[in-house]
Amino acid sequence: MKVSKSLNYHLDSLLNDALKILSNYQEDLLREWALTLQSLKNTNKKSVAVFEFISEYLVRFLRSVNEGTIDIYQLLNEIQDDWLAHFQRHPEPEAIFFHLNLLENAAHKVLKSRITYSSKLHPSIHYLFSKISEVMLFQSEKENHSIWKDAVILFNEWIIRSQNFQESIENICFGFGYFLPFKRSALFKFTNKESVGVGLYGHHLKNEEVQAIAERITNIPVLNQSLVKLKSQGHEMKNFQPIYIPLAENDIPQKYVKKFELNSLIIVPIYVPEEGKIIGGVVLDQGPGTHFTLDTSLFPALMKFGQSSGELLSKFIGADIKKKDLPEKESISLTPRETEIIKLLADGASTAEAALKLYLSEFTVRDYISNIMKRLNAQNRTEVAKAIRMGIIK
């Protein structure tokens, strides 16, 4: 058998597995989607029709599983034709991302409460929603010659090398400015329950000037209004979309407008969607005093950059970012995934067993173990037991 054939068969089985998993928890899932729809009706009525269309289509997916008539690719292909017949236009990428994120996050929420060792992003479920997004946007992307996916791939490959908080903020800032058509970027973190924005790093800006910024969000009306709206939404309803500011002097404190010669800019939320959590934001512009108009074709890439950045930074939030090496007795912050792996290792699980339980490849588990060993200053896997002495696991 050719490897390509084997891989195709394997990926097909992942899609079918995803539908079977969702079908097993269909009642819980439909309840969660109904709650999300109700929240959407209360906060964003214009989006209701799109959400209803996609969710109803997913219900058809699940029913086909129960009826034993499943043909995953027929269903995926039909969604394109049905969309055009229903809406008489191609779907907008940013709208598809937003609604599929809502539906996928609801699915992960259900599975997380039902399946032991289920991660925040169950791999086969994530693949299914990615596939739906791909087929829905294929024709419009083909016509618009969209290459945002290339930018996202390059950005993710760039930031994934980050080993600590400082490297992550440097790589994120550089990536936003280098892989997207912007000249300058500045990364901010929200503190004090999202009431203050603190400067962390800048690309093509003086870092000491960016890091000196600590501004109350209420002094930036357009951002404050967006955050207030987010807080009024349910946990699963967070709509983390970029904010375009055509003229900075209308919405940004004058001291920053003058200091950085701001004109037009975009604020991109840095967020973790499955947790409904916003960490901060990246401010982008085209250089001192430069005006630019909004190009919505950038929104898919901006939203994906923001999500990838949030997932990376969430690993390091709460750690002591001023020190590269922590004393052995000081607690080290691990991500939920790293904690799951280290618990399995402590219980005597092999790499293969850990991979099976966590729905990961052995290579991915080895990478996690390697990173954990570095952060614990462990010379070999047996020294990972240091985590118990350091209080990371009980």
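G280 lies in strand 6, which spans residues 277-285, where strands are DSSP runs of E with at least two residues and helices are runs of H or I with at least four, both numbered from the N terminus. This is a predicted model, in which local features need pLDDT of at least 70 and side-chain atom pairs count only at pLDDT 80 or more, while totals for chains, interfaces and linings use all residues. Residues are numbered from 1 along each chain as its sequence is written, and side-chain values use heavy atoms, with hydrogens and water left out.

**Surroundings of G280**
- G280 is buried, with a relative accessible area of 1%, where buried means under 20%, exposed over 50% and partly exposed in between, using a 1.4 Å probe and protein chains only.
- Leaving aside neighbours within four places in sequence, G280 is in contact with F188, K189, F190, V268, P269 and I270, contact being heavy atoms within 4.5 Å.

**Helix 8 and helix 12**
- Residues of helix 8, including F165, I172 and F179, meet residues of helix 12, among them L302, F305 and L313.
- The residues of this contact between helix 8 and helix 12 divide into nine nonpolar, four polar and no charged, with Ala, Val, Leu, Ile, Met, Phe, Trp, Tyr, Cys and Pro counted as nonpolar, Asp, Glu, Lys and Arg as charged, and the others, Gly among them, as polar.

**The whole protein**
- The protein has 16 helices and six strands, and buried residues make up 49% of its 394 residues.
- Among contacts between residues at least 6 apart in sequence, 64% join residues at least 24 apart.
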